[in-house]
Amino acid sequence: MSSPRNWSELIHRAVQRRQELIADASTDSFRLFHGYGEGCPGLVIEKFGDLIVIDHKFELEAEAESLVKAIDKVIESKVIITKGHQSLRTKLKKRFIVRKGKLEEANISCQERGIPYDIRPNTPHNLGLYFDTRDSRAWLRKNSADCRVLNLFAFTGSLGLSSILGGAKEVVHLDRSAELLSRMQSNYELNGKKWDGRSFLKGDIYKHLPRAIKAGKKFDGIILDPPPKVYSSPHASNAPRGQDFGQLVHLCSQLLSEQGWLMCFFHRFDLSRDQFENEVLKNTHLPLLVSERLSSGIDFPEDNPEHKLRVSIFTRASSQKNGQPTEV
Ligand SMILES: C[S@@+](CC[C@H](N)C(=O)[O-])C[C@H]1O[C@@H](n2cnc3c(N)ncnc32)[C@H](O)[C@@H]1O
């Protein structure tokens, strides 16, 4: 049997690394432990306000108590839960265990850089906010003034909401899952923002984008965040491959206005950032250049930057200073 992990030490080190986030009174939510880069692949701990979620891909029962104790010693919380990955092949009820407090006591919103977000403590997957895109949200708040923005693969709408908070004049969110539309609305409500019938659309991207192109729609900013494996769709011209930037960029390019930006999220580790960027550039008829590169923050430590989230922003060569891309 392998020797037991020293959770006190691992969690202590993780907390030291995140001092900047912990000291920030406007942020109560971040990844507390990123096992892949911090000595325990398959285990991730996230803090959503006063709720701590331990996601594990391996059998954790024998270690759960010492892990919860180690967390409790260094970070305040009301509720701690463990969530076993579906690959463990036990019933969800057995994989989802409240280890401290009562689930009803957990807050149903959390805060990042002063902005509240709706979370659902009892969802089997992500509670409503991905922390690796924190800096992308900050970029959107800075670069969306007066823009019409299209947020594709919107999930709970946190990226599009960032554009709204940054002064966008219109944001259209698109996701194929109907139940997410009310989550997007909750996020707007929490932030005192109004929406209308066009703000949140339920639909398959491969059906919706050709329609928008036909209708002559244009956007000044497009957020393109496909999951690592895009599902097949009866509306796609070809079967989607991986994140399918080939087909998606071809469609998005036809919707981008003259000075528009395209923000792409690269999630797969089988391609480098350069390879992803080339895939984007190969599939557009526009003279696009990479103008900025973003990544995940200090709560996602990795020795190899290619193992972090990679986000690249593309703009038209003509809209960049002296026709040159900004230094990246
Ligand atoms: C990884 S999440 C995107 C995260 C989101 N951008 C954020 O930052 O919160 C992927 C989302 O894509 C949606 N989705 C998957 N396939 C889709 C399709 N063909 N058309 C529209 N939405 C799709 C899923 O319902 C899911 O909400």
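Visitor: In which strand does Arg310 lie?

Guide: Arg310 lies in strand β14. Please keep in mind throughout that this is a predicted model.

Visitor: Is Arg310 buried or exposed?

Guide: Arg310 is buried, because its relative accessible area is 1%, and the limit for a buried residue is under 20%.

Visitor: What does the side chain of Arg310 reach?

Guide: The side chain of Arg310 comes to 2.7 Å from the backbone oxygen of Arg268. There is also a polar contact of 3.2 Å between the side chains of Arg310 and Glu306.

Visitor: How many salt bridges does the structure hold?

Guide: The structure holds 21 salt bridges. Some of them form a network, in which Arg17, Arg18 and Glu38 are linked.

Visitor: What about Asp72, which residue does its side chain meet?

Guide: The side chain of Asp72 meets that of Lys100 in a salt bridge, at 2.8 Å from N to O. Asp72 is in helix α3 (residues 61-74) and Lys100 in strand β5 (residues 96-100), and this pair links distant parts of the chain, 28 residues apart.

Visitor: And why does Asp72 count as partly exposed?

Guide: Asp72 counts as partly exposed because its relative accessibility is 37%. Lys100 is also placed in the partly exposed class, because its value is 21%.

Visitor: Which residue forms a salt bridge with Arg148?

Guide: Arg148 forms a salt bridge with Asp220, and the closest N and O atoms are 2.9 Å apart. Arg148 lies in strand β8 (residues 148-152) and Asp220 in strand β11 (residues 219-224), so the pair ties together parts that are 72 residues apart in sequence.

Visitor: Are those two buried or partly exposed?

Guide: Arg148 counts as partly exposed, because its relative accessibility is 26%. Asp220 counts as buried, because its relative accessibility is 14%.

Visitor: How many residues of β11 are buried?

Guide: In β11, 6 of the 6 residues are buried, so the strand is largely enclosed by the rest of the structure.

Visitor: Do β8 and β11 run parallel or antiparallel?

Guide: β8 and β11 run parallel, and 4 bridges join them. Leu152 stands opposite Leu224 in β11.

Visitor: How many bridges are there between β11 and β12?

Guide: β11 pairs with β12 over 5 bridges, in the parallel sense. Ile222 has Leu262 in β12 as its bridge partner.

Visitor: Changing topic to the ligand: how many residues surround it?

Guide: The ligand is surrounded by 13 residues, and the closest are Phe153, Asp175, Arg176, Ile205 and Asp225. By class, the shell divides into 7 nonpolar, 2 polar and 4 charged residues.

Visitor: Which atom of the ligand lies 2.6 Å from Asp175?

Guide: An oxygen atom of the ligand lies 2.6 Å from a polar side-chain atom of Asp175. For Asp225, an N or O atom in the side chain is 2.6 Å from a nitrogen atom of the ligand. Asp204 has a polar side-chain atom 3.3 Å from a nitrogen atom of the ligand.

Visitor: How much of the ligand does the protein cover?

Guide: The protein covers 89% of the 610 Å² of accessible area that the ligand has on its own.

Visitor: One last topic, backbone angles. What is the phi of Arg89?

Guide: The phi of Arg89 is near 60°, a positive value in a residue other than glycine. Arg89 is in the loop between β4 (79-84) and α4 (92-95). Arg89 counts as exposed, because its relative accessibility is 76%.

Visitor: And where does Asp244 lie?

Guide: Asp244 lies in the loop between β11 and α9 (245-253). Asp244 has a positive phi of about 60° although it is not a glycine. Asp244 is buried, because its relative accessible area is 5%.

How values were computed
Residues are numbered from 1 along each chain as its sequence is written. This is a predicted model: local features need pLDDT of at least 70, side-chain atom pairs count only at pLDDT 80 or more; totals for chains, interfaces and linings use all residues. Side-chain values use heavy atoms; hydrogens and water are left out. A residue is near a molecule or strand if one of its heavy atoms lies within 4 Å of it. A polar contact is a pair of N or O atoms within 3.5 Å; within protein, one must be able to donate a hydrogen and the other to accept it, and residues adjacent in sequence count only if both atoms are side-chain atoms. Accessible areas come from the Shrake-Rupley method with a 1.4 Å probe; for residues, only the protein chains shown count as cover. Ala, Val, Leu, Ile, Met, Phe, Trp, Tyr, Cys and Pro count as nonpolar, Asp, Glu, Lys and Arg as charged, and the others, Gly among them, as polar. A salt bridge is a side-chain nitrogen of Lys or Arg within 4 Å of a carboxyl oxygen of Asp or Glu. Helices (H or I, at least four residues) and strands (E, at least two) are DSSP runs, numbered from the N terminus. Buried means under 20% relative accessible area, exposed over 50%, partly exposed in between (1.4 Å probe, protein chains only). Two strands pair if DSSP finds at least two bridges between them.
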